[in-house]
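Have the model open as you read.

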Amino acid sequence: MKSNNLETTLDTITKLSLDEENHESLCNSEKKIINFDKICNSYAKENRLLVIPTSNDALWIEDGKFTFIEFKNGKLNNEWHHLLQKNYDSLLILFDLNIEEKLPDCKMNLSYSRKNIDYILVYNGEKNPRKNTHEQLYKLSKDTSPRLANLEGYLFHKVSMLTAEEFMKEIEPLI
């Protein structure tokens, strides 16, 4: 998929955060961002991949900064390895999309990613009770899954865990 097709994959945050199993959205907003699952599916089809790579739900691009967003409505108990794989697959696909054609200042490589690409895991705070401060959430993510937290500075500029409420209060107004 070429970078000039990214706009054709825009979806609302409500749709991107939809838990299809429970038929409910984690976040309700009509603001639109890139549906990265669609990008991944198109990429797999165009490249005739036998296995569709896993991917983060959304990609938000603003002023040369990229943010992958993954919405998780269920319990996070055994999700860490799967989340890690989604990040590797998503980043590799993003690197191969020829973003530089549309955004010449972007140099899609790991060095660029460490400075300009963030990751946010948005989760259901009621199903995953934790204290709501960013420091404690980040510390807990390190305790629960060192590999996910260690993506900060390795693959991404910043890695965050936010409840749906925090996401709607802090990030959604910026989109």
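## A strand and its pocket

Lys72 counts as buried because its relative accessibility is 15%, and buried means under 20% relative accessible area with a 1.4 Å probe and protein chains only. This is a predicted model, where local features need pLDDT of at least 70, side-chain atom pairs count only at pLDDT 80 or more, and totals for chains, interfaces and linings use all residues. Residues are numbered from 1 along each chain as its sequence is written, and side-chain values use heavy atoms, with hydrogens and water left out.

Lys72 sits in strand E6; strands here are DSSP runs of at least two residues, helices (H or I) of at least four, numbered from the N terminus. Leaving aside residues up to four places away in sequence, Lys72 touches Glu79, Tyr123 and Asn124, among others (contact means heavy atoms within 4.5 Å). As for E6 itself, 7 of its 8 residues are buried.

| Partner of E6 | Sense | Bridges |
|---|---|---|
| E5 (residues 58-62) | antiparallel | 5 bridges |
| E7 (residues 117-123) | parallel | 7 bridges |

Phe66 in E6 stands opposite Ile61, and its bridge partner in E7 is Ile117. E5 and E6 make a hairpin with 2 residues between them, and Asp63 in the turn has a positive phi of about 50 degrees.

What volume does the largest pocket have? About 540 Å³. Its lining has 17 residues, with Leu16, Leu18, Glu20, Asp37 and Asp57 closest to the centre. E6 gives the largest share of that lining, 3 residues.

How values were computed: On a 1 Å grid over the protein atoms alone, a cavity is a set of points where a 1.4 Å probe fits but cannot get out, and a pocket is an open set with protein on both sides within 12 Å along at least five of seven lines; lining residues have an atom within 4 Å of a point. Grid points are joined across faces, edges and corners, and a volume is the space filled by probe spheres set on the points. Buried means under 20% relative accessible area, exposed over 50%, partly exposed in between (1.4 Å probe, protein chains only). Two strands pair if DSSP finds at least two bridges between them.
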